[in-house]
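The sequence and the structure come first.

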Amino acid sequence: MDHFTNDMLDASSLPKHEEVQITPIHPSYWNVIVFNFGIIFLLFGTALATIVFSASNLRPYAWYLLVAYILWMGSVFVVQRIAFRKRGYALRQRDLIYRRGVLATITTIIPFNRIQHVALNEGFLSRYYGLAQLQLFTAGGASSDIRISGLVKDEAERMRELIMRQIADEETEQSGNGIQ
Amino acid sequence: MASVEASGNTAFDTPQRQSRVGILVEFAYTLQRTVRAFWPVFLYLAIRFKEVNFLYVGLGALLVLAALAVLAYLKYLNFVFHIDESRREFILHRGVFNKKRVVVQLSKIQQVNINQSFIQKMVDVYAVEIETAGSAKSEATIKAISKASALALKERLLDVAQNKKDRVAPPGEGEIAVETPPPFITISLGSLAKVGITSNYIESFTLLLAFLYTIYSNVKDVWWNEKDQESRLQDLASSLVITQSLLVVFGILVVVTFLINLLRMMIPYFHFNIRKQGPSLLLSYGLVNSKNTLLRPHKVQVVKLITNYLQRKMDVLRMVIRQASSDIRTDKKASIQIPGCSGTESKTILKLIFGKHPQKGIMLKPNIRRIISSIGIFIFIPMALYVAVALANPLAYQYRYLLPIYLMVVSAFIYFSYQNNRLFINDQFIIKQHGIWDIHTEIIEPFKIQAITTRQNFWHRRVDIGHVTLHTAGGDITFRFADFSRVKPFVDYWLYQVESSEEAWM
């Protein structure tokens, strides 16, 4: 533990996570969100309509319910849009920053040398747009794992490889230390 | 001694069974489980005591016992384990009807515990429990094995599992580690008693209330079946005599709560002692069931100290040590309790875990907004609700004298909760302190951070407030309502520490 006995660094000389340029999610991913939203909108709408038309005492309120449903779904849609626009990531030399949140701005930073494994997921619709989802797992439990959707597939693949290489380097370094 | 060493090295390479008395242990456990599963039958037999034909019951019982004995024997026969050196795996076969094969990779082993339950104590065998990080339940447990074999197996498993650099004892001196050195900390009954009477009041009290309520409702059903008698009892309850005796009952309740707390502390943690074993700490404790847990300092992620005003006066505190786990909330095994130790003892333990005593360093206070938000949630909203209820229903108005009491208690809670909430930072430790009555102090080392999350609500942007969460493999440490521009450079600094660290976090 000797190599950490140096005095506290001047924090202003360290790279600042706050000032990093955040890359937004690829615009095509909005189409995926809209498509998924549309399916949910129709599914719930059909379910609601079935209930309303099978229960005779609800029928007089059908119009109100329709308006309420559309207003509710509309606000969900707006929230989705804001969330989409606020989502972004930044790849630094030694860590990955992921920012999201609607009412709050949530920034998670995962150092590469703490990543346990990486998963690359491709949804059915995402594949059509050439997009993929990158999932990072750490030993910090579910609260610290992140998944970034709507990355260009090649970019995601490159990120995955970069991280995997970092992890591999880290491991050989550590086993190297162990032998001494 | 050399034979111990030799057996310790090669004894587990070939598949082998448990100790022969293992049959008895298997039998006792199977019997215990059967009785537990069929307890309604026994209850029925006990109630219909007079109508039971003892011949049939006796014969039936004999048959069941014989079947269980055969089952226990088969279980013993089929329980085979060994270490496959070439593949570096611990392999265990077990099961009679459903055969099971458990394979644990030696490198994934986190902990090996040697325990002894009451049954095992009677036939002088031990249980060996092998734990990995992956799951909350123990992967593989051997139920009956002699002490020498248990220690040798543990030594062997951990030897391979541990990195070579952690090995302190050279191979020729294996028996020194097998014969454990004397404990350097033994928690006296006095310390346990001190902790017992000064913690967990609420828990024990509710347990007791629940227990008494069950008794009351059962007794009521049996004795006061008629409605009018119960109402007569309620009439009586309004009289002064009953009120007085209620007070007495309450007093007894309080005393009994203390006693229960004492026992809950003293029985499971009886003769709690800590020994050094190479670089690790061996914790042993328990009156009825003895437990042994091995603690490896470099696997420790979070250390928590818990103390309160009374305990500080008596110089006792509790420690919770959290090791790496996939899910710290459900995995009880990953956190180890040291029920009570003095200030100096806790310093010794901290020094063994961290290599030095953690200093507090720079202090961060939460923003005053933390109080404002608490006042909003715990004072303003309940008051508004009360006023609304009282306006609608004047009956609620007669409880107004409770209002000042509520306000005083809650204000005190808010004040102390704010006053005790601090974050201390230096270049080797991050220490978070929080709590109202029980004060929790959580200590982590920056290089053991797995990820960092900051969070800022949009209405906090203008006043420069944010929350920060440090994710570790032993749970999250969250400091809320920090001055955001003050905490952000620390986030950068911690990232620098993590990213430049070459030390293994586990």
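Contact here means heavy atoms within 4.5 Å. By that rule, 45 residues of chain B and 41 residues of chain A take part in the contact. The model is predicted, so local features need pLDDT of at least 70 and side-chain atom pairs count only at pLDDT 80 or more, while totals for chains, interfaces and linings use all residues. Residues are numbered from 1 along each chain as its sequence is written, chains are lettered from A and ligands numbered from 1 in the order in which they are written, and side-chain values use heavy atoms, with hydrogens and water left out.

## The interface

The size of an interface is often given as the accessible area lost when the parts come together. Buried area is that loss for two parts, taken with a 1.4 Å probe and summed over both. Between them, chain B and chain A bury about 3,600 Å², and 53% of this is on carbon and sulfur atoms. Of the area that chain B buries against chain A, 17% comes from B:Gln450, B:Asp492 and B:Glu499, more than from any other three residues.

A polar contact is a pair of N or O atoms within 3.5 Å; within protein, one must be able to donate a hydrogen and the other to accept it, and residues adjacent in sequence count only if both atoms are side-chain atoms. The rule finds 14 residue pairs in polar contact across the interface of chain B and chain A, both residues being at pLDDT 80 or more. Helices (H or I, at least four residues) and strands (E, at least two) are DSSP runs, numbered from the N terminus. On the side of chain B that touches chain A, β18 (449-457), β19 (465-472) and α16 (484-500) each supply at least two residues. The most come from α16(B), which gives 12 residues. Sorted by class, this side of chain B has 19 nonpolar, 14 polar and 12 charged residues. In that sorting, Ala, Val, Leu, Ile, Met, Phe, Trp, Tyr, Cys and Pro count as nonpolar, Asp, Glu, Lys and Arg as charged, and the others, Gly among them, as polar.

Burial is given by relative accessible area: buried is under 20%, exposed over 50%, and partly exposed in between (1.4 Å probe, protein chains only). A:Asn113 is in the loop between β4 and β5 (115-121) of chain A and, at 13% relative accessibility, counts as buried. Its side chain reaches across to the backbone oxygen of B:Val498 at 3.0 Å.

## Strands

Two strands pair if DSSP finds at least two bridges between them. Strand β4 (residues 104-111) of chain A is joined to β18(B) by six bridges, and the two run antiparallel. Within this pairing, A:Thr108 has B:Thr453 as its bridge partner.

Inside chain B, β18(B) pairs with β19(B) in the antiparallel sense over six bridges, with B:Ala451 opposite B:His471. On to strand β20 (residues 475-483) of chain B, β19(B) pairs over seven bridges, again in the antiparallel sense. B:Thr472 stands opposite B:Gly475 there, and β19(B) and β20(B) form a hairpin with two residues between them.

How many of the eight residues of β19(B) are buried? Eight of the eight are. In a regular strand the side chains alternate between the two faces of the sheet. From β19(B), B:Ile465, B:His467, B:Thr469 and B:His471 point one way and B:Gly466, B:Val468, B:Leu470 and B:Thr472 the other, all of them buried.

## Salt bridges

A salt bridge is a side-chain nitrogen of Lys or Arg within 4 Å of a carboxyl oxygen of Asp or Glu. The whole structure holds 13 salt bridges over all chains, and one is found across the interface of chain B and chain A.

| Pair | Closest N to O |
|---|---|
| B:Lys488 and A:Glu18 | 3.3 Å |
| B:Arg322 and B:Glu442 | 3.6 Å |

B:Lys488 forms a salt bridge with A:Glu18. B:Lys488 counts as buried at 15% relative accessibility, whereas A:Glu18, at 37%, counts as partly exposed.

B:Arg322 forms a salt bridge with B:Glu442. B:Arg322 lies in strand β12 (residues 317-323) of chain B and B:Glu442 in strand β17 (residues 439-444) of chain B, so the pair ties together parts that are 120 residues apart in sequence. Both B:Arg322 and B:Glu442 are buried. In chain A, salt bridges that share partners join A:Glu122, A:Arg127 and A:Lys153 into one network.
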